[in-house]
Amino acid sequence: VEKSSIREDLYRRDFTINAIAYHPDEGLIDPYKGMEDIQQAILRAVGNPEERFTEDALRILRGIRFSAQLGFAIEEETLRGMLKCAPLLEYISKERIRDEMMKILLSDRPDKFRQMYEWKLLPYVLPELTASFTTPQNHPHHIYDVGIHTIKAVEKMPKEPVLRLAMLLHDIGKPATHTRDEQGIDHFFGHVPMGVEMTKRILRRLRFDNETIAKVTTLVEYHDFHIQEKLTRASIKEVLCKIGEDLFEKLLMIQEADARAQNPNKLPPKLKQLEETRVVFRDIIKNKECYTIKDLAIDGRDLARLGIKEGKIIGDLLQEALEYVIENPTLNNKEHLIKRISK
């Protein structure tokens, strides 16, 4: 490898941590003192920052991603270049923005979303989240504004894309539904359906796959469904029927992280109720109790043999049988159900 070609290639690199090479005769080639920056945990653009970010504006987000993943501080001149060139992000494809955003979200420092808000970079990545940082939550169950609460909840989630995305977007509908009553208490009536619609638009804009969109929007839809308020076997099965076992597990994780990012003085009873829900849920799964129509001991063919014509009536009867079995799990028996329907 020619030394000159290595040096020429290094000039095309974006940050000094990338601008280091090894030559068999010369050893490490580090013309921009990248090793010093690494030792001092500093992220610095190679050469003129504005030139680097003008060449490819995605480097702005890549710099934040490196900072999030490595815990490096961004050097002042580099940061000024990032902020000056930020409007160029408008011309970057949504897929590339999505990929960098997800790497930041799945890092050890999702608080970089708050930093992007402070640097006025968030509108180029996730504009809908911006208003969260100016939306208060003056309520007995909260001590943070919507934005800080969101980030703290994300920090408590495993680094799994669906979970962290759902947590990042779970309260995205709150700014648009914020009201304050005569006592000065903040409310967010209707923030869940608003959040579901916003989540769908955001994930479609960022070109997420349909499976991810479906899972994340379902978790956003149910994140505020407090099963613990009516903790019964039947109510848990009703939710299981709608979202399935895998998402139910994730829903409990979402609800726990949500609770832990609220008022700590209100936390103990919430955790107790969530644990009670987990115990009942796991017992339902262990006992293979019926909670969907496909788990019923009868099906449409059994009803057809009774002389019931195909159509809506069969679906209605099976739904009625499911509701009966959910309330009476030991009676999911073909003979018993057929006898009951035949009356």
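I began with Arg207, which I found in the loop between α12 (191-205) and α13, keeping in mind that this is a predicted model. Its phi is near 65°, a positive value in a residue other than glycine. I noted Arg207 as partly exposed, because its relative accessible area is 46%, a value between the 20% and 50% cut-offs.

I then looked up Ala41, in the loop between α2 (34-39) and β3 (42-43), where phi is near 55° and is again positive in a residue that is not glycine. Ala41 has a relative accessible area of 26%, so I wrote it down as partly exposed.

Next I turned to the helix pair α10 (residues 161-169) and α13 (residues 210-222), whose axes come within 9 Å and cross at roughly 45°. That angle makes α10 oblique to α13, and the crossing in which α10 passes α13 is right-handed. On the α10 side I listed Val162, Leu165, Ala166 and Leu169, which meet Thr212, Lys215, Val216, Leu219 and Val220 of α13. Sorted by class, this contact of α10 with α13 holds seven nonpolar residues, one polar and one charged.

My last entry concerns His142, which sits in the loop between α8 (127-130) and α9 (146-155). Is His142 buried or exposed? Its relative accessibility is 14%, so His142 counts as buried, the cut-off being under 20%. Leaving out residues up to four places away in sequence, I found that His142 touches Gln137, His149, Lys174, Gln262 and Asn263. With Gln137, the side chain of His142 also makes a side-chain to side-chain polar contact of 3.4 Å.

Definitions and conventions. Residues numbered from 1 in each chain as written. Predicted model: local features only at pLDDT ≥ 70, side-chain atom pairs only at ≥ 80, totals over all residues. Heavy atoms only, no water. Axes fitted to C-alpha atoms, helices over the stretch in contact; angles between N-to-C directions. Helix = DSSP H or I, 4+ residues; strand = E, 2+ residues; numbered from the N terminus. Parallel < 35°, antiparallel > 145°, perpendicular 65-115°, else oblique. Left-handed = near helix turned anticlockwise from the far one by under 90°. Contact = heavy atoms within 4.5 Å. Nonpolar A, V, L, I, M, F, W, Y, C, P; charged D, E, K, R; others polar. Buried < 20%, exposed > 50% of the residue type's maximum accessible area, 1.4 Å probe, protein only. Polar contact = N/O pair within 3.5 Å; in protein donor to acceptor, adjacent residues only side chain to side chain.
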